[in-house]
There are 2 protein chains.
Amino acid sequence: MATTNENLKESFAGESQANQKYRAFAKKAEKEGFKNISKLFKTTAEAERIHAEGHLAALGMIASTADNLQAAIDGETEEFSNMYPPMLEQAEADGHKAKIMFKFALGAEEVHANLYAKALEAVKNGVDLDVSEFYLCSVCGYIELGAAPEKCPICSAKQSKFVQID
Amino acid sequence: MATTNENLKESFAGESQANQKYRAFAKKAEKEGFKNISKLFKTTAEAERIHAEGHLAALGMIASTADNLQAAIDGETEEFSNMYPPMLEQAEADGHKAKIMFKFALGAEEVHANLYAKALEAVKNGVDLDVSEFYLCSVCGYIELGAAPEKCPICSAKQSKFVQID
Ligand SMILES: [Fe+2]
Ligand SMILES: [Fe+2]
Ligand SMILES: [Fe+2]
Ligand SMILES: [Fe+2]
Ligand SMILES: [Fe+2]
Ligand SMILES: [Fe+2]
């Protein structure tokens, strides 16, 4: 019999993935002309986000911002150091299209880890990060501070592919 | 050595969970007064969504809307039939606060499955769902069509807790 802690991890993983699937399915429904079904997928995606957040809170994994940043740095570092390199190698050996996003993610996660480290330094000094403009490459997930670059250093996307969130 | 397909499943799970964590961490940073760090978390969450969507596409799991709806019905049914009931029972036996969201999710997933079944019926008839207003209970994830109920049938939240997405 699984413990409640194990159950929370499993259900958090399930809800998180359902959220992502429904968001992708919503886009697809929109493309196929099913506007209302797209809205249903988006609404249900948000329901799964609520479930995921509840499980994460019950796991005690929403801590102080300093601790959250450290957890984020650890996760990003694990991904670019240990998880993605062998995945990329295997996909390249297979000639599998997965290699494209594996490569983009590998590069982006290292940038994310560095940005979170900057943020953690600020928090340790009792202040907020002194940057308020973040430019996200909508192709690969690379993030640049202050202004969008002419060309993405990871995926070579042009400046117009950069977006700001919120 | 894992296959690329296995790697895609693992990385999709990882990216999906990172997205959820960062969204929750963004809220926490906002509450603690770190506005810019909150924005960094939100921006990075969106980067992980891009990675997750890329992996899901490489898995071939973004299909036609009819097939996506069937996959969604199967997932919801598995959750409310097999996954959540023993989790709820265990959390209740433990007196663990996880029982609250397990119970809400169990109820909500059944409603989601029924709504997706309606949508699939429409698609099979070559039409969109004939409802465009979806009201989501922001406490438990229950969804009502057409108008918000006075009280949520799953968690008893009042009407003002209902929201529309997009
Ligand atoms: Fe859920
Ligand atoms: Fe990342
Ligand atoms: Fe890029
Ligand atoms: Fe990522
Ligand atoms: Fe659901
Ligand atoms: Fe509710």
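Predicted model: local features only at pLDDT ≥ 70, side-chain atom pairs only at ≥ 80, totals over all residues.
User: Let's start with the metals. What coordinates the iron ion (ligand 4)?
Analyst: Residues from two chains do. A:Glu109 gives an OE atom.

User: Are A:Glu109 and B:Glu48 buried or exposed?
Analyst: A:Glu109 is buried, and B:Glu48 is buried as well.

User: Where do A:Glu48 and A:His51 lie?
Analyst: Both are in helix H2 (residues 35-58) of chain A. They are three residues apart, about one turn of the helix.

User: Why does A:His51 count as buried?
Analyst: Because its relative accessibility is 0%, and buried means under 20%. A:Glu48 is buried too, with a relative accessible area of 0%.

User: Switching to salt bridges. How many are there over all chains?
Analyst: The count comes to 10. One of them joins B:Glu46 and A:Arg23, with the closest N and O atoms 4.0 Å apart. That pair crosses between chains, from helix H2 of chain B to helix H1 (residues 4-31) of chain A.

User: How accessible are B:Glu46 and A:Arg23?
Analyst: B:Glu46 has 18% relative accessibility, so it counts as buried. A:Arg23 has a relative accessible area of 25% and is partly exposed.

User: What does A:Glu46 meet in a salt bridge?
Analyst: The side chain of B:Arg23, at 3.9 Å from N to O. A:Glu46 is in helix H2 of chain A and B:Arg23 is in helix H1 (residues 4-31) of chain B, so this pair joins two chains. A:Glu46 is buried at 18% relative accessible area. B:Arg23 is partly exposed at 25%.

User: Which residue forms a salt bridge with B:Lys42?
Analyst: A:Asp166 does, with the closest N and O atoms 2.7 Å apart. B:Lys42 lies in helix H2 of chain B and A:Asp166 in the segment after strand S3 (162-163) of chain A, so the pair joins two chains. B:Lys42 is partly exposed at 29% relative accessibility. A:Asp166 is exposed at 73%.

User: Different spot. Where is B:Lys97 found?
Analyst: In the loop between helix H3 (65-94) and helix H4 (98-124) of chain B. B:Lys97 counts as exposed, at 56% relative accessibility.

User: What is B:Lys97 in contact with?
Analyst: Leaving aside neighbours within four places in sequence, B:Lys97 is in contact with A:Ala57 and A:Ala58. The C-alpha atoms of B:Lys97 and B:Phe12 are separated by 28 Å. Those two residues are 85 apart along the chain.

User: Last topic, domains. How is chain A divided?
Analyst: Into domain 1 (4-58), domain 2 (65-129) and domain 3 (131-166). The C-alpha centres of domain 2 and domain 3 of chain A lie 16 Å apart. Their contact takes nine residues from domain 2 and 10 residues from domain 3.

User: How much area do domain 2 and domain 3 of chain A bury between them?
Analyst: About 790 Å², with 75% of it on carbon and sulfur atoms. In domain 2, A:Phe104, A:Leu115 and A:Leu129 lose the most area to domain 3. Together they make up 56% of what that side buries.

User: How many salt bridges and polar contacts are there across that interface?
Analyst: Zero salt bridges are found between domain 2 and domain 3 of chain A. Two residue pairs are in polar contact, both at pLDDT 80 or more.

Key:
Residues numbered from 1 in each chain as written. Chains lettered and ligands numbered in written order. Heavy atoms only, no water. Donors = N, O, S within 2.8 Å, 3.2 Å for Na, K, Ca; no water. Buried < 20%, exposed > 50% of the residue type's maximum accessible area, 1.4 Å probe, protein only. Domains from an automatic or database assignment. Contact = heavy atoms within 4.5 Å. Buried area = accessible area lost by both parts, 1.4 Å probe. Polar contact = N/O pair within 3.5 Å; in protein donor to acceptor, adjacent residues only side chain to side chain. Helix = DSSP H or I, 4+ residues; strand = E, 2+ residues; numbered from the N terminus.
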